[in-house]
2 protein chains.
Amino acid sequence: MKIAIAGSGALGSGFGAKLFQNGYDVTLIDSWESHVKAIQTNGLHIDINGEHCHLEIPMYDSRDIPEDVLYDVVFLFPKSMQLKEVLDYIQPHINQSTIVVCTMNGLKHERLIEQYVELPQIVRGVTTWTAGIESPGYTHLMGSGPVEVGALVTEGTDNVKTIVDILNQAELNGVLSDDLHQSIWKKICVNGTANALCTILECNLATLNQSDDAKNLIYKITQEIVHVATIDDVHLNLDEVFEYLIDLNDKVGPHYPSMYQDLINNHRKTEIDYINGAVARLGMEHHIDAPVNHFVANMIHAKEQQLDAQ
Amino acid sequence: MKIAIAGSGALGSGFGAKLFQNGYDVTLIDSWESHVKAIQTNGLHIDINGEHCHLEIPMYDSRDIPEDVLYDVVFLFPKSMQLKEVLDYIQPHINQSTIVVCTMNGLKHERLIEQYVELPQIVRGVTTWTAGIESPGYTHLMGSGPVEVGALVTEGTDNVKTIVDILNQAELNGVLSDDLHQSIWKKICVNGTANALCTILECNLATLNQSDDAKNLIYKITQEIVHVATIDDVHLNLDEVFEYLIDLNDKVGPHYPSMYQDLINNHRKTEIDYINGAVARLGMEHHIDAPVNHFVANMIHAKEQQLDAQ
């Protein structure tokens, strides 16, 4: 079974490393030249929960995938705005049997993916693993999972089981989701509050939780997300989700969310259009107002422009 | 005619200086001890549109106003949150003939002032003069006005005329407002966008105007303000106001609004509750939603808490 990691930045490298360590035929693919070259020349240096690993793992530049290679499983791990580019380069290397796994943050990535494969081929999910990249070829992976996955249509159930097995073999803690859409929307509540607010206020999660006014911001964003989630027949309890978010922020206190790292530290464009922006857009499609999420997305974009984010 | 400036910080000192220079019997009053002492000892040093002036102008500490002093006119110039404190100390020194002038930023200050004097005694207005304070006793005043003033009830018309005359005698460019409430709400549009957004994004007005997303933020805040303004029978044209705001930001480009200076530079609490916060509150009273203004007020408060603003 040939597995590709399409988009091998922080989280992609991490998943690839775990699969490789556990005997899978896995290849990393990425478009970032210096990262690709570093791994091709010196292997991947990855810190997994504090343990340093040095892996001679196969790596392709996305422009140099050999023509005749065909993958059985593709894990998609690009930033949301690069998903189309990644699907375009992987398309010649997949067929109607390939399982495409998307545990990326953000809403409705399947709308794009289903332009490349049939719905039953798509395994959608969310993960609580976190990762980072120190320099080309040097990354880290943290956490213990789980990776909750599910099928978008009943015909995809067997594919989901295959992926859960692979994830568990690779010690990535795969779990069959009870309610895939609920898991996705709950993750959107996490990202739509912590990521956006810590980036606007330039603070970590502990600081965010210290202020009743910031909690009020969390509450209002979440209130709208919970409302828009009903379009997917997801009915979250607002107060329960709110408590969950506050607890989570307390637990990971000193952490700066990935959006903060992207924009404030590295002046990179964020995934806001796939999180709060997507909430506002989906709401609009269904005549549900989400002015606060729209405003937050605009605010992050204004900040991107201000910092000349690339 | 005895005039008091109740709250003689930046703008109060500026108005007091212009009145004093033009022969009025004016006294500054303030509670900031070192500022009071500096002016009592060394006079007021004020830069008025680039020209340095040194004035031996009377100044009282608010705790030391002589018992028998009675003022004919009181200009109120505290920060909004100190208005009650100022009215409390000035109350023994006004009577039913005193004219009380309030050109402070913010909405509905008259609700508090009318607990101290009758409505016809109140002259309400807005001004485009700007001012700052460098150190105790050292301030500056910039601009050319106007100071638009009007009456809250017909019986106050003569008092308004008196104040317009005084302002013009003092070269402060007093103007009788065609439509007082419209002037106030238009100023709220200015303060509710430029002040709040430059403070959240930590930028000046030029930077704000450079980004379409920031302009979008300006538009959305203004849209709600224009809607809530209808409760005062004020009907602003949204697109016209928006154009006006963008032009204004262009004109004063490198300027950092006073809220930015208060919070970001000096870690002082802001007047947000009297601007965006007041818009949301007034909206709520009249069942008009203003979620974005509410969100902006929360965001500023979160930032105040984060910066330990006093």
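Colleague: Which residues does Val175(B) touch, not counting residues up to four places away in sequence?

Modeller: This is a predicted model. Val175(B) has its place in strand E12 (residues 174-176) of chain B. Leaving out residues up to four places away in sequence, the residues that Val175(B) touches are Pro146(B), Val147(B), Glu148(B), Val149(B) and Val164(B).

Colleague: Is Val175(B) buried, partly exposed or exposed?

Modeller: The relative accessible area of Val175(B) is 32%. Buried means under 20% and exposed means over 50%. Because 32% falls in between, Val175(B) is partly exposed.

Colleague: How many Å apart in space are Val175(B) and Gln306(B), C-alpha to C-alpha?

Modeller: In sequence, Val175(B) and Gln306(B) are 131 residues apart. In space, C-alpha to C-alpha, the separation is 41 Å.

Colleague: In what order do the four strands of the open sheet in chain B stand?

Modeller: Strand E3 (residues 44-48) of chain B is joined by five bridges to strand E4 (residues 51-55), and the two run antiparallel. Four bridges join E3(B) to strand E10 (residues 138-142) of chain B, this time in parallel. E10(B) is also joined to E9(B), by five bridges in the antiparallel sense. The pairing is therefore mixed, and the order is E4-E3-E10-E9.

Colleague: Which residues stand opposite Ile46(B) in E4(B) and in E10(B)?

Modeller: E3(B) is bridged to E4(B) and also to E10(B). In E4(B), the bridge partner of Ile46(B) is Cys53(B). In E10(B), the residue opposite Ile46(B) is Thr139(B).

Colleague: Which residue in the hairpin of E3(B) and E4(B) takes a positive phi?

Modeller: The hairpin of E3(B) and E4(B) has two residues between the strands. The positive phi, near 45°, belongs to Asn49(B).

Colleague: What angle does helix H2 (residues 33-42) of chain B make with E3(B)?

Modeller: Four of the five residues of E3(B) are buried, so the strand is mostly covered. H2(B) lies across E3, E4, E9 and E10 of chain B. Its angle to E3(B) is about 95°.

Colleague: In chain A, which residue of the hairpin of E9(A) and E10(A) takes a positive phi?

Modeller: Strand E9 (residues 130-135) and strand E10 (residues 138-142) of chain A pair in the antiparallel sense over five bridges. Ile133(A) stands opposite Thr139(A) in E10(A). Two residues lie between the strands of the hairpin, and the positive phi, near 90°, is taken by Gly137(A).

Colleague: How far apart are the end C-alpha atoms of helix H6 (residues 180-201) of chain A?

Modeller: H6(A) has 22 residues, of which 19 are buried. At 1.5 Å a residue, the helix should span 32 Å. The separation of the end C-alpha atoms agrees with this, at 31 Å.

Colleague: What is the handedness of the crossing of H6(A) and H12(A)?

Modeller: The axes of H6(A) and helix H12 (residues 291-306) of chain A come within 10 Å and cross at roughly 45°. The two helices are therefore oblique to each other. The contact includes Ala196(A) of H6(A) and Val296(A) of H12(A). The crossing is left-handed.

Colleague: Why are H8(A) and H9(A) called oblique to each other, and what is the handedness of their crossing?

Modeller: Helix H8 (residues 212-229) and helix H9 (residues 238-251) of chain A pack at about 135°, with their axes 10 Å apart. Roughly perpendicular ends at 115 degrees and roughly antiparallel begins over 145, so the pair is oblique. Among the residues that meet are Tyr219(A) in H8(A) and Phe242(A) in H9(A). The crossing is right-handed.

Definitions and conventions:
Residues are numbered from 1 along each chain as its sequence is written. Chains are lettered from A and ligands numbered from 1 in the order in which they are written. This is a predicted model: local features need pLDDT of at least 70, side-chain atom pairs count only at pLDDT 80 or more; totals for chains, interfaces and linings use all residues. Side-chain values use heavy atoms; hydrogens and water are left out. Buried means under 20% relative accessible area, exposed over 50%, partly exposed in between (1.4 Å probe, protein chains only). The expected span of a helix is 1.5 Å times one less than its number of residues. Axes are lines fitted to C-alpha atoms, for helices over the stretch in contact, and angles run from 0 to 180 degrees between N-to-C directions. Angles under 35 degrees count as roughly parallel, over 145 as roughly antiparallel, 65 to 115 as roughly perpendicular and the rest as oblique. A crossing is left-handed if the near helix is turned anticlockwise from the far one by less than a right angle, and right-handed if clockwise. Contact means heavy atoms within 4.5 Å.
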